[in-house]
Amino acid sequence: MNTKTIRLSVIIAGLMSGVCTSALATDVKPLKIGLLMDMSGNYSDVAGKGSVTAAEMAVADFGGEVLGRKIEVVAADMQNKVDIAVSIANQWFDVDGVDAIMDINNSSAGLAVSKIAATKDKLVSISISGSARFTNEDCNANTIHYVYDTEALARSTGKAVVEEGGKKWYFVTVDYTFGHDFEKQTAAAVTAAGGEVIGSVKVPLNAPDYSSYILQAQAANPDVVAFATAGADTSNAIKQAAEFGMGQGNQKLAGLLVYDNEVDALGLEAAKGMMLTSSFYWDLNDETRAFSKRYMEKMGKMPNMSQAGVYSSTMHYLKAVAAAGSDKTADVMAKMKENPVNDFFAKNGKIREDGLMVHDLYLFRVKSPEESKYPWDYYSLVRTIPADEAFSPLSESRCPLVKK
């Protein structure tokens with residue numbers, strides 16, 4: 001072989017090597033994060049596109065790639081239907097290469113998808129769905145409950161409002177499992193704090209008219225009318241309660257699950273004086289304001305606790321992938337539980353062995369129109385509820401993973 005032939009062979013080999021390297025680089029599969037959201041229905045405003053935007057912000061702030069893989073966010077409208085959520089999740093896990101689902105609208109759908117993720121060794125983090133079953137009877141090693149659960153809100157609101165003088169309670173409760181559990185959990189907290197439950201009324205899901213139920217509550221003359229409802233049901237109920245003059249004077253309205261979006265839709269005149277518990281408020285401190293103003297530029301509104309939680313959980317997940325040097329669920333979960341959550345959403349938050357992320361919660365009172373000084377200036381902080389008071393202790397967990 002002459003010198004020219006040798007040189008040509010070297011050049012060709014180099015070119016082929018470059019082509020192969022380039023092909024390998026483009027063949028690296030992205031790390032995919034999914035969100036199963038209600039994009040058009042009852043919960044689209046409190047989750048929906050806003051939650052997807054929060055996840056995209058976290059990915060961008062992280063740098064857009066991890067372990068040499070591009071990070072992609074995918075989202076789908078699950079229409080608040082369990083069968084649709086299950087079908088999409090199976091498609092994502094089996095065909096589309098989704099590595100983790102960072103939120104799922106609707107507790108029933110979330111519990112179903114959580115079980116699928118466990119069998120397929122994928123990770124699920126829940127921010128908007130509230131059922132305490134995620135980290136109790138239906139817990140698994142692949143699921144995290146990040147923002148709140150109904151037991152925490154019930155414990156926090158029930159105890160704190162009783163301590164603020166609301167002794168006699170009456171519940172307006174949406175008539176399905178979520179509402180029943182929420183009322184039961186809050187009633188237990190109220191009684192334990194020295195309060196009394198004097199009655200309740202059950203309301204159909206998506207009821208257009210709450211007037212008869214409101215009148216029943218008003219006739220009982222309670223100190224506190226508590227709404228064990230969610231989404232548009234909460235907005236409709238509180239609006240009609242305000243029209244009947246409830247929540248004024250010594251009587252309090254308590255929203256067991258209320259988002260900033262709902263207060264914005266109601267207006268302060270209707271919502272003023274209402275007591276509620278949340279894990280996040282955009283105007284709480286400089287860190288929450290900095291994130292929220294960036295979010296506002298993208299969405300035209302402030303983030304609520306679940307949307308802020310999606311950002312935080314997505315960032316915590318990506319940091320865990322980087323720290324583990326692996327995308328394997330067990331490795332990532334270990335790092336997520338090992339490292340505390342310290343960001344604008346939570347300080348010294350901790351993911352326990354049952355999958356529950358425990359952190360401080362906050363009791364707020366909704367301002368009157370006269371008290372509000374600027375757009376989205378809706379809440380006054382009544383008290384901070386420490387994590388160990390807000391969430392049920394690990395010793396009471398019903399999760400089979402917890403070592404007793």
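**Sheet and pocket**

Visitor: How do strand 5 and strand 6 run, and how many bridges join them?
Guide: They run parallel, and 3 bridges join strand 5, residues 123-126, to strand 6. Strands here are DSSP E runs of at least two residues, helices are H or I runs of at least four, and both are numbered from the N terminus. This is a predicted model, with pLDDT of at least 70 needed for local features and 80 or more for side-chain atom pairs, while totals for chains, interfaces and linings use all residues. Residues count from 1 along each chain as its sequence is written, and side-chain values use heavy atoms, without hydrogens or water.

Visitor: Which residue in strand 6 partners I126?
Guide: H145 is the bridge partner of I126.

Visitor: What's the strand order in the sheet?
Guide: The 6 strands follow the order 2-3-1-4-5-6 in an open sheet with mixed pairing (two strands pair if DSSP finds at least two bridges between them).

Visitor: Which strands stand at the edges?
Guide: Strand 2 (65-66) and strand 6 (143-145) do; each has a single partner strand, so one side of each lacks a neighbour in the sheet.

Visitor: Switching to the largest pocket: which residues lie nearest its centre?
Guide: S107, S108, S131, Y176 and F178, out of 31 lining residues. A pocket is an open set of points on a 1 Å grid over the protein atoms alone where a 1.4 Å probe fits, with protein on both sides within 12 Å along at least five of seven lines; lining residues have an atom within 4 Å of a point.

Visitor: Which helix gives the most to that lining?
Guide: Helix 6, with 5 residues. Helix 4 (107-119), helix 5 (150-163) and helix 6 (177-192) each supply at least two.
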